[in-house]
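User: Please examine the structure shown below and answer a series of questions on it.

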Amino acid sequence: MSDGSMTIDAAIVPAAAARQTLPAHGSRRAYAAYALVTPAAALMLVMLLGPLAGVIALSFTDYQLGAPHFSWIGLANYQDLFADKVFWTALRNTLTYVVVVVPGAVVAGLAIALLIQSGTSLRSLYRTIYFLPVMATLIAMAVVWEFMLHPQFGLVNGLLRGAGLPAFAWLQDRNTALYALCAIGIWQAVGFNMVLFLAGLVSIPKQLYEAAEIDGASSGWARFRLVTWPMLGPVTTFVVVISGIRSFQVFDTVHVLTKGGPSKSTEVLIHTMYTEGFEFFRSGYAAAITVVFLVFVLALTLIKSRLADRGVHYT
Amino acid sequence: MSRTHSVTLRAVLRHVLLIAGAAIMLAPFIWMISTASKPQTEVFSSELHLIPYRFALVENLREAFAKANLLRFLLNGVIVTISIFVLQVMVALPAAYALAKLRFVGRETLFALVLFGILIPPQATAIPVFLLLHKVGLLDSYAALVLPFTISVFGIFLMRQFFKTVPDDLVDAARMDGISEFGIVWRVMLPAAIPAVTAFGIFSVVAHWNDYFWPLIVLNSEQLRTPPLAVAHFRNNEAGTSYGPLMAAAMVIIAPLVIAFLFAQRRFIEGITLTGIK
């Protein structure tokens, strides 16, 4: 491939040809290139592509860590999985989490970015404050949230009682636990989305707003609808998909705060995978869960690239 | 007159809304510092007060450091994140240079694999990588924490895009001076790429300092624990009894990154949102 294209390039672009060194140098450089990419290529094979193929292959076996041998069992893991109530609970909870956190974190991120950008004072202070949760170790902050949500001594119930509202045992109640985790997820993701939206807002040309105003779009809402929202299209798509992918991976808060409980009300896919694969060491079964998870994540990625292609045309 | 009036009103409304939101964002941090400063009796009181009647921050910190070897865990965090970053650069930079500036058979295939690799979420490869480390007897070691992350396809992609913008003349001039291709990577490209490497470094260090999933899977030994694992164990061991020291420990764990962030916000925001340019 490269030899052929090299001669074509050389024929078409004489200036470049003149700069090309002798063939001997060229081939020595190719050797150098292989030496330079070998460590990366080898590690990619061993740590990324091999394991990816491995997890798919494992999902068709009954392998358990420490077992002397294993056999190919076809789709049996998937049959077990689809017959298992816990799997469906985990899938439903994961989807609920995604469906709550993505709109929450995207709308709040956009609203905050618009508010910050609509004035000039204290911009960087606000940006810093809203970005702080992104920086702070989630596990540490999850433990803080747990105490904030403490039924008796927590800040949240304290405030609710102060306002004369009923208090909840947020993380211990199967009706509220998943939503409490969603709230933590939104709190953590908002700042990240805000920064992406801010970057998108800065890149919208000022003339568009002036043109819209001349055309009669005088209210803030009209300017948002006619200029900001369409111009932010590609950024919004990106933010939605990346929030979706990250929400699908929810694990940290679940593992440290609820372990999937109470009565499986916060069981999510990666947590089920972790329990099966690394507590019960049912590697084959856990691999099948991983494959299901991968299908969802890759589908989201595909949607993104589809929409991104479309976005390129109208911007 | 009425126009200026509505402008001020809007400015006030903007601040009111943003301050209300900021209060929610900061609430856990304030509650953490408040609780870490309270003695036990004030923590377990249904009456809400932010400022302790008696400050007990030092006692709580002392108890946190006594109950868990926090210094050791912080040191583990530093060792692991720095090792990962240094190895990622050593592996990614040469590959990125070759992909950006050299011609060789298989270049397009390799680059396509790099782009594909970016799509693979880290949880997807966890089981086989765990089995591999088990097979070679490396579980429960620094190597288990570091090795799987030495390859950063995202780092390769990022540096390759950056190197594309470095003029060929610079590379040719270095070749004229007799510098080898290997030397060009480290003596010409690396200095030119310092801003990109810094941004990637922040991205990498923050991600691995905060990572919980992988250390949880491969570690057993207490002395190897990384900061997030340390907090989780502290929380499990104390089982809802000593919130003051627990909040103090949480403070200690998030402090290094938060302080670094407050000093270099722009760079941190750039680094963390690197994924935004994909």
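Analyst: A residue is termed buried if 20 or more other C-beta atoms lie within 10 Å of its own, exposed if 12 or fewer, and partly exposed in between, with C-beta atoms placed from the backbone. This is a predicted model, in which local features need pLDDT of at least 70 and side-chain atom pairs count only at pLDDT 80 or more, while totals for chains, interfaces and linings use all residues. Residues are numbered from 1 along each chain as its sequence is written, and chains are lettered from A and ligands numbered from 1 in the order in which they are written.

User: Which residues of H13(B) are buried?

Analyst: Helices (H or I, at least four residues) and strands (E, at least two) are DSSP runs, numbered from the N terminus. Helix H13 of chain B covers residues 227–238. Its buried residues are Pro227(B), Pro228(B), Leu229(B), Ala230(B), Val231(B), Ala232(B), Phe234(B) and Arg235(B).

User: How far apart are the end C-alpha atoms of helix H13 of chain B?

Analyst: The expected span of a helix is 1.5 Å times one less than its number of residues. The 12 residues of helix H13 of chain B should therefore span 16 Å, which agrees with the separation of its end C-alpha atoms, 17 Å.

User: Which element of chain B has the lowest mean pLDDT?

Analyst: pLDDT is the predictor's confidence in each residue, from 0 to 100. Chain B as a whole has a mean of 88, with 96% of its residues at 70 or more. Among its elements, helix H12 (residues 213–218) has the highest mean, 95, and the lowest, 80, belongs to helix H15 (residues 265–272) of chain B.

User: Which helix gives the largest share of the side of chain A that touches chain B?

Analyst: Two residues are in contact if their C-beta atoms, placed from the backbone, lie within 7 Å. By this criterion, 76 residues of chain A meet 79 residues of chain B. The largest share on the chain A side, 20 residues, comes from helix H3 (residues 23–58) of chain A.

User: How many residues does H1(B) give to the side of domain 1 of chain B that touches domain 2 of chain B?

Analyst: Domain bounds come from an automatic or database domain assignment, which divides chain B into domain 1 (2–56) and domain 2 (66–277). The contact takes 9 residues from domain 1 of chain B and 6 residues from domain 2 of chain B. On the domain 1 side, helix H1 (2–36) and helix H2 (40–43) of chain B each give two or more residues. H1(B) gives the most, with 4 residues.
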